[in-house]
Each structure stands twice: as structure tokens, then as C-alpha cells.
Amino acid sequence: MTTQPPSSSRDPAPIVDREDLKVIRREFSLGEVHGLVFLPNGVLNRNWRIQTGNGDFALKLLHRADAKEVSRSARVLTALARLGLPVPTWVPTRGGEPLLQIGPRSYGLSHWADGTHLPGRQLSLEQAAEFGTLVADLQRVLNDPLRVPLPGTGPRPQASPGGVESALATVERLAATCRALPNPTPFDTRALDLLERRRELLAAHAGHAPSFGPWGGPYGWTHGDLGWRNILHHHGQVSAVLDWDRLAVRSFAHEVARTAVVQFDSEDGVLDLARVAAFVRGYRAATPLPRMVLAQAVERLWWKHLVSFWIFEFHYDQADASADVVLEPVERLAAWWSSHRGAVQDAFAS
């Protein structure tokens, strides 16, 4: 069996335990395993391509998996695949379970989908628009109870407020944690600097907090994490939409805004506004979305970037370094977006 070593920048090293692999082979009826290749694009979950005598599969070590939610997602993926949408189908264990639990570790297996993860800036404007149309199609099908086995959406989602005072208090608490470390690492030093910059941003924009309360416009079941790391492209088309573990009821406008930002951001924190505009045009051509509803979602998402500290909290409160790799890009985006709010709104209003 051939294996590919993981990047040394990730901790813990993403290698499948040999005893786990024996159980995985048996419980998923894989036969002989010929290769196991780590896939580096995941941020929270760990992923491998597993090559067997019965075909190729994607093996996922899920981060904080919920068996009930995984089971629901597996049923949804089966329905979407039958309708011809580009999603991988989940493989059940011998006992018919969608999730294999080995001690504290949760594994899922799906059929392999060919394709490449393309950062949003590598898409043409036409491809960006086509992706917007696909997002609209997915939302529409997910909320058709005759075709997809999901419960009703329930009451209209509410936008959770995030105040400046509480955000500044979080900055102080996290900064104090960094300063108290007896042997700070380069990450700790950088985190302290970024927290200070966030404090400055909060002070500069304290009077620009958007309104909170119910989300406007249509809402329903959504994927929840349609960033480029969860999208495969093959021969110029989307070949698979991956990672359905965040399936939930949300505002459609919120998903459109978040998807565009995550898809067309870059390491330097600058949004590709031409592709954002093309993506939104593609979406709105398939699903009319009032411009004011989308504008509200964009402002709320910007504000969430200013008052959210989830990467810092993962690292310092939960001793979880899995998201450290995206800290710098997220912080750069918060700073750039705060200086270009008007241009961002213009792109979404296209």
C-alpha cells in the first residue's frame, strides 16, 4: 500500500491509525486497500483518497461529528444524487450506519468524485455565474419535500446581535491569555498583534453596526459552507459539492453573501468583486432575491467578521489548532472589507 505523508504544518499529523484502517476496511467492505492519499484542502475535517479493489472512495475523519446530523445528510445526498445534482453518495457500514465510530473518532465514507479544488479567482466570470445558478438550484431542491427528505423549516431565522462592548471584552480576554503564556510561540505573538488590530477596527466602526432581528427574504434548508475547498471542478464544470455536515435552515440571502465571500476571497484578504458580481447575477437569474434583502445580509456578514473570534477561541479556549491556517486571511479580509464596504455592496447589487 502506498501512502502520501501529510504536511508537517498540521497538528496532529493527519495519518489514519493502522488499527482504525483495519476496522474501516472491514466495516465498509472495502477489500484490499492499495493506496491512501491525504487531501490537504480541508480545514476542520481530515480527508483521504482511499484506493481499493472495489473502487476509490473519499474517507473523512469528521471534526465534532453528530451521528444524527450525518445520518440526515447521507439521506439528503442520496436524494440529490438521484436527481442528477453533483454530490457524492455516502457509503453505509455493514450495519447500515452512515458513520463509523472507533473510540472517539468518527469516520464517514463516500464514493470518489473526480475534480480539482479551484480557488474562486481561478474561475472565469461565466463559471462564477454558473456556480451562482447551482447554489440557487440546490436551495430550491433542498426545500422541495417531495424530492428531498427534510423536515419543515420552522420559524423564520433570527440574526444574532454582536455588540461592540462584548467584542472588545473578548479582545481583552484573549489578549490577556496571550500575554500570560510563559513561552509564547510565533503564532501567539502574531495573534496578539491581530487582536490589537481588531480592537482598532471595532473602535473605528462602532457606530456602523447593522440592525438585527429576523432575516428578510426567503429562507430554508441550505448547505452552509459552499467555499472553494468544498467544491470540485472537472472539465470546466462543478463535479461535486462536498462536506454537507453544516446542513441547516438559514436565510437564502445569508448563504449567498457568505458563499460569495468565502469563494472569492484570497490570501491577501481582498474580494474579487467582478466574480462576486457574476456569481450574484447567476444566482438572481435563477432565484429572484430583493436587492435590499441581500444588502442587509452583506452588512450583517461584514459585522459578524468584526465581532467574531472563533479561530482565536478554537485555539486558546479549546486547544484546537485546526483552523489556525485561516487566521491571517480572515483578519486581512476584515480589515479590507471595512475599508471597502461601498464597493462590496455595489458588487452584490449587480
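Visitor: Is Gln 139 buried or exposed?

Guide: This is a predicted model, in which local features need pLDDT of at least 70 and side-chain atom pairs count only at pLDDT 80 or more, while totals for chains, interfaces and linings use all residues. Numbering runs from 1 along each chain as its sequence is written, and side-chain values use heavy atoms, with hydrogens and water left out. Gln 139 lies in helix H3 (helices are DSSP runs of H or I, at least four residues, numbered from the N terminus). Its relative accessibility is 2%, and under 20% is buried, over 50% exposed and in between partly exposed (1.4 Å probe, protein chains only), so Gln 139 counts as buried.

Visitor: Which residues does Gln 139 touch, leaving out those up to four places away in sequence?

Guide: Contact here is heavy atoms within 4.5 Å. With residues up to four places away in sequence not counted, Gln 139 touches Trp 221, Thr 222, Phe 252, Glu 255 and Tyr 283.

Visitor: Which helix gives the most to the lining of the largest cavity?

Guide: The search turns up 1 cavity of 30 Å³ or more; a cavity is a set of points on a 1 Å grid over the protein atoms alone where a 1.4 Å probe fits but cannot get out, and lining residues have an atom within 4 Å of a point. About 40 Å³ of space lies inside the largest cavity. Its lining includes Glu 255, the residue that Gln 139 touches, along with Gly 224, Asp 225, Leu 226, Arg 250, His 254, Arg 258 and Thr 259. With 4 residues, the top contributor is helix H6 (residues 252-264).

Visitor: How many charged residues are in that lining?

Guide: Asp, Glu, Lys and Arg count as charged. The lining has 1 nonpolar and 3 polar residues, and its charged residues number 4.

Visitor: How many residues apart in sequence are the parts tied together by Arg 341 and Glu 299?

Guide: The two side chains meet in a salt bridge at 2.7 Å, N to O (a side-chain nitrogen of Lys or Arg within 4 Å of a carboxyl oxygen of Asp or Glu). Arg 341 is partly exposed at 22%, whereas Glu 299 is buried at 14%. Arg 341 belongs to helix H11 (residues 341-348) and Glu 299 to helix H8, so the distance in sequence between the parts they tie together is 42 residues.

Visitor: What separates Arg 140 and Asp 137 along their helix?

Guide: They form a salt bridge, with the closest N and O atoms 2.5 Å apart. Arg 140 is partly exposed at 43%, and so is Asp 137 at 21%. Both lie in helix H3 (residues 125-142), 3 residues apart, so the separation is about one helical turn.

Visitor: Which residues are linked in a network of salt bridges?

Guide: The whole structure has 21 salt bridges. The linked set is Arg 190, Asp 193, Arg 197, Glu 328 and Arg 332.

Key
1 Å grid on protein atoms, 1.4 Å probe; cavity = no way out; pocket = protein on both sides within 12 Å on 5 of 7 lines; lining within 4 Å. Points joined across faces, edges and corners; volume = space filled by probe spheres on them. Helix = DSSP H or I, 4+ residues; strand = E, 2+ residues; numbered from the N terminus.
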